[in-house]
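Here are a few exercises to work through with the model open beside you. Try each task before you read its solution.

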Amino acid sequence: ELEAELEAELEAELEARRLQYAHLRDGLLGGLTIDPTWRQMGEVGEFVRGRRFTRADVVDAGIPSIHYGEIYTHYGVTASTAARQIREDLRPQLRFASPGDVVIASVGETVEDVGKAVAWLGEEPVAIHDDTLGFSHSMNPKFVSYWMQTEAFHLQKTRHVASAKIKRLSSSALASIFMPFPPMDEQERIVEILDRFDALVNDLSIGLPAELAARRKQYEYYRDKLLTFEEAPA
């Protein structure tokens, strides 16, 4: 019971921090207000759709790649290394995102999921799957990736998602969505703030998740101590 109470208390605090982080992020990135500094995504960058590759193309050493499914399961706001590599002989038929581009999942199971983005910060181009879109731009890539988590983005995106069983978001739809376009120094200031808060909320090595893990270990230690009995002397 003690362990359950500790976990419930810390998990409630973690959820409160996540909500606080989302509120801070949406406030810093413009909230729901579209003002004259906003631009359509198609005005500030270009989209390119990736090319198909399959699980059978994965190798131990080859071309770094991002599959759309990995954006949901493996990556956070940014990535500097690829989760998978694919065959080198596929290179001529592939399309790539360059360092600083943002890779966007254009297919998802729900309206909420589709459009999740990861800023590619690797040292070389990365091959992108045909159910992803590469967004090439001149903005801070982390700023773009953070912004695509906001309620302002999701409200606009929802109007464009195809209503079939598999949810899809086209490059033309994304190009029509408005986003904030502040000066670069302001983008960097916002990213610095959100990086600190994102680490506190999500990094398993610091912040509340680490505290929860430490409490569990502490509980297990004392539980084992209390339930370990030395044999009575004969």
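Two strands count as paired if DSSP finds at least two bridges between them. Keep that in mind for the first exercise, and note that the model is a predicted one.

**Exercise 1. Find the strands that pair with β4, and say which run antiparallel and which parallel.**

Step 1. Start with strand β6, residues 84-86: 3 bridges join it to β4, and the two run antiparallel. Within this pair, Ile63 stands opposite Ile86.

Step 2. Turn to strand β11, residues 126-128, which is joined to β4 by 2 bridges and runs parallel to it. Here Ile66 has Ile128 as its bridge partner.

Step 3. Now look at the side chains of β4, residues 63-66. Ile63 and Ser65 point one way, Pro64 and Ile66 point the other way, and all are buried.

**Exercise 2. Work out on which side of helix α5 its buried residues lie, and what they pack against.**

Step 1. Pick out the buried residues of α5, which spans residues 151-158: Ala152, Phe153, Gln156 and Lys157.

Step 2. They cover an arc of only 130° around the axis, so they sit on the same side of α5.

Step 3. Recall the helix geometry: an α-helix has 3.6 residues a turn, so residues three or four places apart point the same way.

Step 4. Follow the packing: these buried residues meet β1 (38-40), α4 (141-147), α6 (171-175) and β14 (178-180).

**Exercise 3. Identify the residues that touch the most other members of the largest nonpolar core.**

Step 1. This core has 32 residues, and the ones to find are Met41, Ile104, Phe135, Trp147, Met148, Leu174 and Met179.

Step 2. Trace where the core comes from: the elements giving two or more residues include α2, β8, β12, α5 and α7.

Step 3. Separate the other core: apart from this one lies a core of 11 residues, among them Ile71, Val103, Val126 and Ile128.

Technical notes: Residues are numbered from 1 along each chain as its sequence is written. This is a predicted model: local features need pLDDT of at least 70, side-chain atom pairs count only at pLDDT 80 or more; totals for chains, interfaces and linings use all residues. Side-chain values use heavy atoms; hydrogens and water are left out. Buried means under 20% relative accessible area, exposed over 50%, partly exposed in between (1.4 Å probe, protein chains only). Helices (H or I, at least four residues) and strands (E, at least two) are DSSP runs, numbered from the N terminus. The arc is that of the directions from the helix axis to the C-beta atoms. Contact means heavy atoms within 4.5 Å. A nonpolar core is a set of buried Ala, Val, Leu, Ile, Met, Phe, Trp, Tyr and Cys residues joined through side-chain atoms within 4.5 Å.
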